[in-house]
Structures are given as structure tokens and as C-alpha cells.
Amino acid sequence: MQFAPFVHLHNHSDYSLLASAMSVKDMLTRAVEMKQPAVALTDYGNLFGAIEFYSQAMRMGIKPILGCEVFLCEDYTKRVSQGPRAPRYPQLVLLARNNHGWQNLMKLVSIAYLEGFYYRPRIDKKLLRQYGEGLIALSSGWNGEIEQHLQRGDDEAAKKSILEYKEIFQKDCFFIE
């Protein structure tokens, strides 16, 4: 069976608690079976599987792409109660382009857990501006900020968000899923 070159850039493992049951090993085994040159790990809000993923991928001949699907809010330092349920945070997939990006991704995820945690580990666009260098961002599909604007029929807000992300991330480092 021959597969066209393709790389999955938005994947969750069993480290995305209650969201995926696929183990890192199973993900990588399937990538090898499909002759994929690389694969990304982008668990929800955490980098718990990064070391296991990186070392197993290298042993299996797959290029590991380290990332995370982060939760965004207006101000990561504020906790605003919206009733008994958790707020619905827009999401953004971040991928490390290089070692500097990996350092920035670790910084963002650490801040999200240590300073921004409110129902989920959160960051804001101010932090993205500060630590966005070396990262590639994907709009995160259905749960992304742009897509949420479009779901509400607010095309102008979606365009504004696109321009903002293009400003935050380096040239050609923001993509819509």
C-alpha cells in the first residue's frame, strides 16, 4: 500500500485526558505503517508526552514535531466566574519550529499551569506576543477563535483575529485549519 507524503500536525494522545485513548507508541506505529516522514503531538494544554514522543519517534525514524493545543482567554491572570460550568476557551495549536520555539512553548505551557490555571491551563495573546518567536500556530479548527467568530456569523471579528495572529507570529507561521 502506497501513501502520499502527508504529515498530521494536530494529534492528541492519551495525555489529553478524557479526549483521546491513543498512546504515543500506537500513534507512531501507525505513522510508520503509513510511511509518514513526520508527525506532531499536540495534547490539550500540556507537554506531558513530549519526551516519550520525541525519543520513540527518533528510534522509529519519524521526525517528531512537538506542540500543544493551548487554551486562550482575554487575561490569563483573571478568573471570571460564568456560573457552575467552565468557561469555553478558544483553542490554538502551537508547534515548535526550532529549539527557540520549543523553549518558548515550554515557557507558555508552564505559565498556563502555574499562573493561568482556571478550570484549564490558559494563556492570553499578550503572552503569545512575548513568547511567539519560533512557533507555528494553527487556528485549531472548530474550537479556534476564528472559527467561533464564523460560527456566530461575525466575519469582521474573524478577519480581525486572522490579522492579529499574522502579526503575532512570524511571516508564514500562522495557518487556518
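Predicted model: local features only at pLDDT ≥ 70, side-chain atom pairs only at ≥ 80, totals over all residues.
1. Phe 117 pairs with Tyr 113 in a tilted arrangement, with 5.7 Å from centre to centre and 35 degrees between the planes. Tyr 113 is also partly exposed, its relative accessible area being 31%.

2. Tyr 118 is buried, at 17% relative accessibility, while Tyr 119 is partly exposed at 39%. The count of aromatic pairs comes to five.

3. Lys 125 places its charged end over the ring of Tyr 165, 4.9 Å from the ring centre. Tyr 165 turns up again in the core, where it is among the residues with the most contacts.

4. On to that core. The largest nonpolar core has 42 residues, and Leu 92, Leu 94, Leu 128, Tyr 165 and Phe 169 have the most contacts inside it. Helix H3 gives the largest share, six residues. There is also a second, separate core of six residues, including Ala 38, Val 93, Leu 95 and Leu 138. As a general point, nonpolar side chains tend to be buried together in soluble globular proteins.

5. Setting aside residues up to four places away in sequence, Leu 92 touches, among others, Cys 68, Val 70, Leu 72, Leu 128, Tyr 165, Phe 169 and Phe 174. Its contacts also include Ser 139 and Ser 140.

6. So what about Ser 140: is it buried or exposed? Ser 140 is buried, at 4% relative accessibility, and its place is in the loop between strand S5 (135-138) and helix H5 (145-151). Beyond its neighbours within four places in sequence, Ser 140 is in contact with His 10, Glu 69, Gln 91, Leu 92, Val 93 and Glu 177.

7. Now the strands around that loop. S5 pairs with strand S3 (residues 91-96) in the antiparallel sense, over four bridges, and Leu 94 stands opposite Ala 137 of S5. S5 is also joined to strand S6 (residues 174-175), by two bridges and in parallel. There, Ala 137 has Phe 174 as its bridge partner.

8. Last stop, helix H2 (residues 50-60). Which of its residues are buried? They are Ala 50, Phe 53, Gln 56 and Ala 57. Looking down the axis of H2, these fall within an arc of 145 degrees, so they line one face of the helix. The face of H2 turned away from the buried side carries exposed Ile 51 and Arg 59. The cover over the buried residues includes helix H1 (24-33), strand S1 (38-41), strand S2 (63-72) and helix H3 (99-114). After H2 comes Gly 61, with a positive phi near 80 degrees.

Notes:
Residues numbered from 1 in each chain as written. Heavy atoms only, no water. Buried < 20%, exposed > 50% of the residue type's maximum accessible area, 1.4 Å probe, protein only. Arc of directions from axis to C-beta. Contact = heavy atoms within 4.5 Å. Phe/Tyr/Trp six-rings, centres within 6.5 Å; stacked < 30°, edge-to-face > 60°. Lys NZ or Arg CZ within 6 Å of the ring centre and 35° of its normal. Core = buried A, V, L, I, M, F, W, Y, C linked by side-chain atoms within 4.5 Å. Pairing = 2+ DSSP bridges.
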